[in-house]
Amino acid sequence: MSDGERVHDLEIPVDGRTVRATRHEPADDGPRPVVLTYTPYHKDDLSDTRSDPMVEYFVDAGYEFVVADAVGTGASDGLVEQPFTADEGRHGAAVVEWLAARPWSNGKVGAIGKSYPGTTALEIAAQDPEGLETIVPIHAPARIYDAYFDGGALAYLRTCGQWAPNFEYLPLQPPVDRETDGRGDRWNRRLSALRERTPFLFQYLDHRHKDDYWARKDVPVEEISVPTLAVGGYRDAFGGGTVSYADRIDARTELILGPWRHAVPEQGETARIDFLGEVEAWFDEHLTDDGSPRDPAPRVRYWTEHPSPEEPLAGEWRAREEWPTVESETEVAAFAVHEDGLRPTDGGDDGEFTPVADRWDVDYSVGTASIGFEIPGGTDLDTTPDDVRSLTYETATFDDAFELTGTGTASLTVVPDGRAQLVAVRVIDVAPDGTGTLVTHGVTRAELQEGEIDPPGATGVSSEPLTPGEEQRVSVSLRPTSHVFGPGHRLRIAVSGAFFPYVSPPAGSAGFVLASTPAAPATLRLPARRHDGSADFDDTYGFDAPQDVYEEAAAPRWETATAHTGDTVTVSLEQSYTKQLSDAEFGYEMAVEAAIERSELGSETIDRETTTTLRYPTETISSRVHSSVSRSFATMGYRVERDGEPFYEERKRWSE
């Protein structure tokens, strides 16, 4: 906590209920601009607002900083029945208007948040509340189906092993502050309502296609009219969605894209910047009474990876006005799959085109060496173990640097053995020593090609069973990225029907043949530039160095194992930490295990256990949630103990 900072508990009336918030007030007299985070992640324990470096930073900068528990979460009233609803935006907008009318406010509010709280910032802005002047969403999904079903395929690890079960332990915990009136009654009412609520995971499993359940959750970003500073990561689950929604906002919008996993730009593995300083300058311009102007910034600032043996994480910051796509750019590199690899189609190649018909033999464990992007705190691995079990095609060795910057696509023809088919495409940088590094990727379901899978704010196409043995054209959108393949490197694409445990193939999946012919070649199209020799940029951009106010994030323990018998492959994640709160010690333990047999899709399972503990001077309250998901059923078990004695238990089951 900052020297002189004063902390206040707020009770904000919203729609007949009470939103409870913590106001962090600078020592100097007001009125002052207000920064709001509207979060479902418990301001008093999981988020721990009193020790958040961002809160302290902006209080020191002279801002009121308010962290509010969303309706139905934390210290606020009620229980959330389902995630990502328009009510979140309406409730958050009411909080904004209430804050703007306080005598200690200058009437200007900015909303900021990472992940779900970033989405609530978007939802609030779409409501256009009086007093909201700007938002800063970080790694935030706006199209919610896309966040949990990539290309129409269930994002298995993220949805079933991370986010959805992780959210289930939150309502089990009591409000941390035991001095608040009615705290015990609110907790009891929430636990009672939890018995009747369908777990979020089960809701997702009941809606595999983008139906009205999902369409209603999409944020109508076209209705946002306040300046927006959007942040995304190439290795973050929501990086592609960030680029998409930033283009649809009808207001000044700036985009910062880095190579990060789900971390703030001062905590990423590399490309760390003074993000708090950037946001302060942004807020100073839009929230202060004098509207302190900052130096103009390009619309898109992005990191280009330029690895070398000496510096595998090297790169440069650059700037431009638009993010490149294969539709928007004139400089597009196109490659076609030939018998002898990937040949450029834009280089006047007159070589003979021998038709390709290569079979992918089922191996549902493909993906375990390429999954580092999906692990917060993870790292890139050598993709070779996945590549040798995929269909792979490579360019010739690059004599000059080849730069991919933008969002690319792959167009393929598959001949499926079954009535459904996942198609996964990975783009790999192959170093001179043969090591493979994942650059970008995309997945889609072949039976969802007759229309849009995830149109913004509308229902998507339903699956049409494939005809085994009949050709199906498939388009795969790749994640946005910026990466330089250095001289001596090669570009490889790896195509498979599995990407475990990233996504779960649809029922009916099997093997397939990849076909490439002169009439219908399998192609890869990338916004790209061929350099002369090494890469040389004339559009570099300079960020200030990070201030290092954040502690290093706790990395999970992460390993992959293959059974000596049965050919079962297992991916395990574990994470634990403790932190001291104002009135208690908070402990968190998580373990996830995903497993599959290489040849049997029906063997796919994922288990998750989360235990949290609040240790007060006079009592200890612990909660435990265990979930288990298979291809046809799922279970969710809850247990709360007070000083080791059971206080609440519930078990729920889902079946297809």
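Helix H5 (residues 156–168) lies across E27, E28, strand E29 (600–615), strand E30 (620–629) and strand E31 (633–642), and runs at about 30 degrees to E29. Contact here means heavy atoms within 4.5 Å; axes are lines fitted to C-alpha atoms, for helices over the stretch in contact, with angles running from 0 to 180 degrees between N-to-C directions. Helix H6 (residues 183–196) packs on the sheet too, touching E30, E31 and E32, and its direction makes about 25 degrees with that of E32. Helices (H or I, at least four residues) and strands (E, at least two) are DSSP runs, numbered from the N terminus.

This is a predicted model, in which local features need pLDDT of at least 70 and side-chain atom pairs count only at pLDDT 80 or more, while totals for chains, interfaces and linings use all residues. Residues are numbered from 1 along each chain as its sequence is written, and side-chain values use heavy atoms, with hydrogens and water left out.

The sheet under discussion is open, with 7 strands in the order E26-E27-E28-E29-E30-E31-E32 and antiparallel pairing; two strands pair if DSSP finds at least two bridges between them. Its edges are strand E26 (557–562) and strand E32 (645–655), each pairing on one side only. From one strand to the next, the twist averages 10 degrees. Within the sheet, strand E27 (residues 568–580) and strand E28 (residues 585–597) run antiparallel and are joined by 13 bridges. Leucine 573 has valine 592 in E28 as its bridge partner.

Another open sheet has 4 strands, ordered E16-E23-E19-E20, again with antiparallel pairing. Strand E16 (391–394) and strand E20 (436–445) are the edge strands here, each pairing on one side only. Direction ignored, neighbouring strands of this sheet are turned by 20 degrees against each other on average. Strand E19 (residues 422–430) and strand E23 (residues 490–496) are antiparallel and share 7 bridges, with alanine 424 opposite serine 496 in E23.

Isoleucine 12 faces valine 19 in E2. The two strands make a hairpin with 2 residues between them, and aspartate 15 in the turn has a positive phi of about 55 degrees.

As for helix H10 (residues 275–287), its 13 residues reach 17 Å from first C-alpha to last, close to the 18 Å expected at 1.5 Å a residue; that expected span is 1.5 Å times one less than the number of residues. Buried residues in H10 include Phe275, Leu276, Trp282, Phe283 and Leu287, where buried means under 20% relative accessible area (1.4 Å probe, protein chains only).

Methods. Buried < 20%, exposed > 50% of the residue type's maximum accessible area, 1.4 Å probe, protein only.
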